[in-house]
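Below is a set of questions and answers on one protein model. Please look through the sequence and the structure before reading on.

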Amino acid sequence: MDQHSTITVRRTPGRHRYELLDAQTVIGTAHYQDYDDAAGPQRIFLHTTVEDDYTGQGLGGRLTGFALDDTVAEGLPLVTVCTDFAASVEEHPEYPRHTVLVLRDHLAALQSGDH
């Protein structure tokens, strides 16, 4: 049996995060905040974690890839404050055209908790 066969990813909108699961146990998260300005809605990715027992297996990439694909499919521009997301965007040529530069307004929204 493949060691990753029970690994799934889901979006949990009520908690503003994507979750990496092993069976039903959350083993990683990618936190985001939806943001709306004059240019329209955007999704800011701010923090990603994977439990220590699961690092080094490519699961962080799986989590960020799922979140990026899901956001692009929704038609939302990507704002990559999180370095893991910024690295994923740089590594995959399909994502840069969907990103917007991180602006002070994005960071201010994160500090204020505005959604």
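Contact here means heavy atoms within 4.5 Å. This is a predicted model, in which local features need pLDDT of at least 70 and side-chain atom pairs count only at pLDDT 80 or more, while totals for chains, interfaces and linings use all residues. Residues are numbered from 1 along each chain as its sequence is written, and side-chain values use heavy atoms, with hydrogens and water left out.

Q: Which residues does Leu 68 touch, not counting residues up to four places away in sequence?
A: Residues up to four places away in sequence are set aside for this list. What remains for Leu 68 is Phe 45, Leu 78, Phe 85, Ser 88, Val 89 and Tyr 95.

Q: What pLDDT does the protein average?
A: pLDDT is the predictor's confidence in each residue, from 0 to 100. In this protein 94% of the residues score at least 70. The average pLDDT is 92.

Q: Where in the protein is confidence lowest, and where is it highest?
A: Helices (H or I, at least four residues) and strands (E, at least two) are DSSP runs, numbered from the N terminus. Where pLDDT is low, the predicted coordinates should not be read in detail. The lowest confidence belongs to helix α3 (residues 104-112), with a mean of 89, and the highest, at 98, to β2.

Q: How many residues does the largest nonpolar core have?
A: A nonpolar core is a set of buried Ala, Val, Leu, Ile, Met, Phe, Trp, Tyr and Cys residues joined through side-chain atoms within 4.5 Å. Buried means under 20% relative accessible area, exposed over 50%, and partly exposed in between (1.4 Å probe, protein chains only). Among the residues with the most contacts inside the largest core are Tyr 18, Phe 45 and Leu 68. The number of residues in this core is 18.

Q: Which element gives the most to this core?
A: At least two core residues come from each of β1 (7-12), β2 (17-22), β3 (25-37), β4 (40-50), α1 (59-74) and α2 (83-91). With four residues, the element that gives the most is α1.

Q: How many aromatic pairs does the count come to?
A: Rings of Phe, Tyr and Trp (its six-membered ring) pair if their centres lie within 6.5 Å; planes under 30 degrees apart count as stacked, over 60 as edge-to-face and the rest as tilted. One of the pairs joins Tyr 18 and Tyr 32, with 5.5 Å centre to centre and 50 degrees between the planes. By the rule, the count of aromatic pairs is five.

Q: Why does the pair of Tyr 18 and Tyr 32 tie together parts that are apart in sequence?
A: Both residues are buried. The pair ties together parts 14 residues apart in sequence because Tyr 18 lies in strand β2 and Tyr 32 in strand β3.

Q: Why is the pair of Tyr 18 and Phe 45 tilted?
A: Tyr 18 is buried, with a relative accessible area of 0%. Phe 45 also counts as buried, at 0% relative accessibility. The ring centres are 6.3 Å apart, and the pair is tilted because the planes are at 35 degrees.

Q: Which residue has its charged end over the ring of Tyr 32?
A: A charge sits over a ring if NZ of Lys or CZ of Arg is within 6 Å of the ring centre and within 35 degrees of the ring normal. Tyr 32 is part of one aromatic cluster with Tyr 18, Phe 45, Phe 66 and Phe 85. The charged end over its ring, 4.5 Å from the centre, is that of Arg 43.

Q: Which backbone nitrogen does the side chain of His 106 reach?
A: A polar contact is a pair of N or O atoms within 3.5 Å; within protein, one must be able to donate a hydrogen and the other to accept it, and residues adjacent in sequence count only if both atoms are side-chain atoms. His 106 is placed in helix α3 and is buried, with a relative accessible area of 1%. At 2.9 Å, its side chain reaches the backbone nitrogen of Leu 103.

Q: Which residue has its backbone oxygen 3.1 Å from a polar atom of the side chain of Gln 33?
A: Gln 33 lies in strand β3 and counts as buried, at 5% relative accessibility. The backbone oxygen 3.1 Å from its side chain belongs to Ala 109.

Q: What is the phi of Ala 23?
A: Ala 23 is found in the loop between β2 and β3 and is partly exposed, with a relative accessible area of 43%. Although Ala 23 is not a glycine, its phi is positive, at about 60 degrees.
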